Amino acid sequence: MPFLSGLDLSAMFNVEDIRKDFPILYRKVNGKPLVYFDNAATSQTPKQVIDVIVDYYSNYNANIHRGVHTLSQEATDLYEQSRKKIQTHFNAKFLHEIIFTSGTTHSINLVANGFTSLLKKGDEIIVSALEHHSNIVPWQMLCERTGATLKVIPMNLEGELEIEAYNNLLSKNTKLVFVNHVSNALGTVNPIEHIIDEAHKVGAAVLIDGAQSCPHIKPDVQALDADFYVTSAHKVCGPTGVGMLYGKESWLKKLPPYQGGGEMIAEVTFEKTTYADLPHKFEAGTPNICGGIAFGAALDYMNAIGFDTIAAYENELLEYGTAQLLAIEGLKIYGTSKHKTSVISFNLEGIHPYDVGTILDKLGIAVRTGHHCAQPIMDFYKIPGTIRASFSFYNTKAEIDALVEGVKKAKMMLS
Amino acid sequence: MSIEEIQNEIIDEFSMFEDWEERYQYMIDLGKDLPLIDDQYKTDSNIIKGCQSKVWVHAEMKDDKIQFTADSDAIITKGIIAILIRAFSNQHPKDIIDADTDFIDKIGLKEHLSPTRANGLVSMIKQLKMYAIAYQTQLN
């Protein structure tokens, strides 16, 4: 449509209209209008998704996959339609490559646990220095169980991975590589295409933690050739307590079941149990049915806006926020890569991030403070933590102005 | 002065503030003013681990009364510590054990006592009382 060229983004994307979808954005905190900048921890939920949750409990609530009655069948249909939506969103080859989990951490543990029987002493696992604790601890535990060794891709001052060092860490002993697509503490977008390609050259499998990328980027797991890709619904406008594991069929067949229980079996006698086929092999017990359905609705919502539109607008917020915050004397931003999502991690010189976060909360501004479950990154910079403001497509420049004024006020009060 | 009298005094002081800003500015100033703990006691074993700010506490017995010193790397936390020390230091162990901490609520700092604030303050009060229990046992 050539007649559209030259139109600027703001004409196609009206943030004030978008905000009307999010009831929570109209509440007050400490008497001030809420400014919600903790999106990297949990995104807010639009009424379209809330409606799906209410509708489920009002009309379909039943256990799935086993009832012959109508409610059970309708609930099953909705749940499986949602799996289909997730498959389409991530462009997985097969529907059964999408496993519902309770979230990213569960997904990672499922894979780490499965690899216990596939690793031996002398094998090597590579993680990056930019990982969330949830992508470090399960692999340390896996190493303890198997005698494999954990290697770490170092980072530089900009908060980027040292790719040359990564290339050198790879060897025929490398069996697994785990890297986040986007760093939760700094927002760096990692070059996962390269990381995956190089790992495959030595025959290693790659798990990508997509918890922080999925709110901003629509990953194509086939184009990436990722072996595993994991994420949580609450990062993409869905509810908490539900997420997904994408795994290539060949890998999912190789991994043993994670938990025993109902749903994951084909036949049970006291002598022997045979396991159900994918994906049910990994879905023991009654799942978060409503959450799973709402996850699909959340992806529908974001896709209706469009990830290109979302990314372009968030990038505008990132650039604006970075410039405004840097104008404050003594403010330092951690994570200065050119490839970043809309996350700004910063500190005021000589002031503890906790103090700033406390003052900002008094002003109705929600940010995250602390080590963001990424202590190795904080140790690298030799700081106790940072203040992290993470922007979503429903945030505005006016809210960033409020943050900047809040930080100035905190600085004045605290220094 | 008894713990209760000191607490009432603190409540009186805070009642003069009009809004949160004045309250917090006062706490921040308290935090800035007080060199709270001797550096030799800022050891890992004296750390009370909150999620975000570190809190160190040291206790000594002098004339049957406990002297507390403490510090934090966050200034607001330090200000609250200063208030707690003022109320609980230089008191008999038994009085510390029996004392309640409602005054924190009354001076408008209730949110800092919620465990979700993860500032180590709840743990800190617990630690002050633990010291008191330990010293009380010695006295018995």
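Two residues are taken to be in contact if their C-beta atoms, placed from the backbone, lie within 7 Å, and angles between elements run from 0 to 180 degrees between the N-to-C directions of axes fitted to C-alpha atoms. On these terms, in what is a predicted model, helix H13 (residues 353-362) of chain A lies across E14, E16 and strand E17 (386-390) of chain A, and runs at about 155° to E16(A).

The sheet to which these strands belong is open and has four strands, in the order E13-E14-E17-E16 of chain A, with antiparallel pairing. Its edges are formed by strand E13 (331-334) and strand E16 (368-370) of chain A, each of which has a single partner strand, so that one side of each is left without a neighbour in the sheet. From one strand to the next the twist averages 30°. E13(A) and E14(A) run antiparallel and are joined by four bridges, and within this arrangement Ile333(A) has Phe346(A), in E14(A), as its bridge partner.

Chain A is divided into domain 1, which comprises 7-42 + 306-414, and domain 2, which spans 50-304. The centres of the two domains of chain A, taken over C-alpha atoms, are separated by 28 Å, and the contact between them takes 26 residues from domain 1 and 27 residues from domain 2 of chain A. On the side of domain 1 of chain A that touches domain 2 of chain A, the elements that give two or more residues are helix H12 (307-326), strand E14 (343-348) and helix H14 (375-381) of chain A. H12(A) gives the most to this side, with four residues. The residues of this side of domain 1 of chain A divide into eleven nonpolar, twelve polar and three charged.

A second open sheet of chain A is formed by seven strands in the order E4-E10-E9-E8-E7-E5-E6, and its pairing is mixed. Strand E4 (98-101) and E6 of chain A stand at its edges with a single partner strand each, so one side of each lacks a neighbour in the sheet. Neighbouring strands are turned by 20° against each other on average, direction ignored. Five bridges join strand E9 (residues 228-232) of chain A to strand E10 (residues 243-247) of chain A, the two running antiparallel; Phe228(A) has Gly247(A), in E10(A), as its bridge partner. Helix H5(A) lies across E4, strand E8 (205-209), E9 and E10 of chain A, and runs at about 35° to E10(A).

In general, an α-helix has 3.6 residues a turn, so residues three or four places apart point the same way. Just after H6(A), Gly147(A) takes a positive phi of about 85°.

Most residues other than glycine have a negative phi, and most peptide bonds are trans. Cys237(A), although not a glycine, has a positive phi of about 70°, and its place is in the loop between E9 and E10 of chain A. Because Cys237(A) has 29 C-beta neighbours inside 10 Å, this residue counts as buried, the cut-off for that class being 20 or more. Asp63(B), likewise not a glycine, has a positive phi of about 50° and is found in the loop between strand E2 (54-62) and strand E3 (65-72) of chain B. With 7 C-beta neighbours inside 10 Å, Asp63(B) counts as exposed, for which the cut-off is 12 or fewer. A cis peptide bond, with omega of about 0°, joins Leu278(A) and Pro279(A), and Pro279(A) lies in the loop between strand E12 (273-275) and helix H11 (289-305) of chain A.

Between the chains, 13 residues of chain B are in contact with twelve residues of chain A. Helix H2 (20-33) and helix H3 (75-88) of chain B are the elements that give two or more residues to the side of chain B that touches chain A, and H2(B) gives the most, with four residues. The residues of this side of chain B divide into seven nonpolar, five polar and one charged.

Notes. Residues numbered from 1 in each chain as written. Chains lettered and ligands numbered in written order. Predicted model: local features only at pLDDT ≥ 70, side-chain atom pairs only at ≥ 80, totals over all residues. Domains from an automatic or database assignment. Nonpolar A, V, L, I, M, F, W, Y, C, P; charged D, E, K, R; others polar. Pairing = 2+ DSSP bridges.
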